[in-house]
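Biologist: Could you take me through one part of this protein slowly, as if I were seeing a fold for the first time? Please pick a single strand and its surroundings.

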Amino acid sequence: MMQRLLSKYVAHHVNSDNCVGCRMCVDACPSGALSSKFNGSILTIILNSELCTGCGSCVDICPFNALELVPREEVKEFKIEIDILRPEKIEKKKYYMIARKVVDVSYCTGCGACTVCPPNGIIWKDGVVDFPDWVKICRDCAICIKVCQRYNSVFKSGVGEVIEVKGARSKRFKGQDGAMVSEFIACALEMGIIDTALMVSRDERWKPIIVHVKHPDQLKSERITGTKYSLAPVLPELNKVIKRAGRLAIVGTPCIITGLRLLQKEIPLYNKVKLAVSLFCMENFRYSSLMEFLREKNIDATKVKKFDIKKGKFIVEMVDGVFDCPIKELEEHVSNGCNYCLDFAGVDSDVSIGSVGSPDGYSTVLIRSETAKNIYDYMISKGYIEECEANLKAVEKLCRFKAKKALRKEEEGV
């Protein structure tokens with residue numbers, strides 16, 4: 001009699017490597033087929049297929065596609081156990097400690113990787129993360145601290161591993177310098193390596209907005225090209241779309257790329273990101289703070305055409321003139337987490353791109369992976385770019401400068 005009541009399909013941990021142990025599936029299961037138990041730092045998720053009705057509630061609620069509905073006859077075992085090794089607790093109640101250890105002490109990079117939080121309890125706003133109701137919402141899975149580079153003291157520096165160093169500019173696109181970021185994304189789309197790129201655009205007041213680029217023509221938008229110099233929610237957007245996304249590329253600062261690599265290490269689903277492009281980055285600003293600086297200088301943000309930093313100066317190009325000042329005048333507006341960052345060149349990326357080391361109007365391109373090399377070779381074969389000599393020593397010099405600056409700030413207790 002019981003057998004006749006069983007559905008044709010049953011939930012199964014087909015992609016068990018994606019399970020982070022949030023137990024949202026356990027709470028969502030109406031039949032009690034899913035359960036969990038703790039043994040020290042080990043959490044075991046148990047699926048009893050004999051109780052599963054195949055309703056799909058667990059599949060729908062799982063943030064990372066760990067569960068799927070499969071034909072019952074394909075399931076050989078009716079009990080699946082998944083062990084999740086969690087970090088050692090330093091508090092009795094919850095794992096969520098990045099508030100006091102990272103955020104509250106202004107140590108956070110603002111990368112947003114921790115918004116991977118399964119119940120969406122961690123929010124990102126203007127480069128600051130918060131978990132307003134963590135005592136109630138926290139699932140105690142510890143994924144937020146597993147992917148937090150500052151909690152785990154992940155510091156990258158130097159130029160990193162590089163396959164090739166190139167200087168080039170795009171013949172098809174206009175950008176901050178050589179428009180090579182746009183060219184890489186366009187070629188990755190043309191080659192079928194990616195379906196979508198998450199890139200930073202802006203509104204009329206230069207507030208960063210994440211856009212989904214699916215066609216090279218989108219890259220002709222002036223709001224996508226050019227550096228915004230404000231922290232952008234690239235990883236929060238990635239966390240929102242990863243479950244249903246296809247093949248992706250992301251463009252971001254070095255801390256964003258390092259956050260991506262930690263997400264990929266913990267959750268294989270994030271390997272949907274096939275191309276990670278890093279921008280050279282000395283420092284960044286919270287949007288609200290940058291706007292405060294512009295107001296102090298009587299600059300209308302809607303009239304800004306371009307921001308730039310060159311030879312120790314912050315340059316604002318406007319429709320009716322140019323403003324510049326020593327970059328030191330903006331020190332109080334720099335995002336606090338940048339004070340501790342050592343990574344100028346984006347060592348965790350597939351390709352790093354910036355103006356340092358190349359003539360005006362060109363970009364220096366540090367190719368780090370075979371994927372990036374194949375894309376670069378493709379743009380050469382198509383005649384999409386014009387090359388020049390690039391000076392790697394100039395990049396190395398900025399890498400050393402940023403590292404020394406960060407260490408000095410740490411010694412000063414900033």
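**A hairpin and its sheet**

Modeller: Let's begin at the hairpin of E9 and E10, where five residues lie between the strands and Trp 206 takes a positive phi near 70°. Strands (E, at least two residues) are DSSP runs, numbered from the N terminus. This is a predicted model, in which local features need pLDDT of at least 70, side-chain atom pairs count only at pLDDT 80 or more, and totals for chains, interfaces and linings use all residues. Residues are numbered from 1 along each chain as its sequence is written, and side-chain values use heavy atoms, with hydrogens and water left out.

Now look at E9 itself, residues 196-202: seven of its seven residues are buried (under 20% relative accessible area, with a 1.4 Å probe and protein chains only). Thr 196, Leu 198, Val 200 and Arg 202 point one way, while Ala 197, Met 199 and Ser 201 point the other way.

E9 pairs with E10 (residues 208-213) in the antiparallel sense over six bridges; two strands pair if DSSP finds at least two bridges between them. Here Val 200 stands opposite Ile 210 of E10. E9 is also joined to E11 (residues 248-252), this time in parallel, by three bridges, and Leu 198 stands opposite Ile 250 there.

Step back, and you find an open sheet of eight strands with mixed pairing, in the order E10-E9-E11-E12-E16-E17-E8-E18. E10 and E18 (385-388) stand at the edges with a single partner strand each, so one side of each has no neighbour in the sheet. For E18, there is an antiparallel pairing with E8 (residues 164-170) over four bridges, where Cys 388 is the bridge partner of Gly 167.

Note on methods. Buried < 20%, exposed > 50% of the residue type's maximum accessible area, 1.4 Å probe, protein only.
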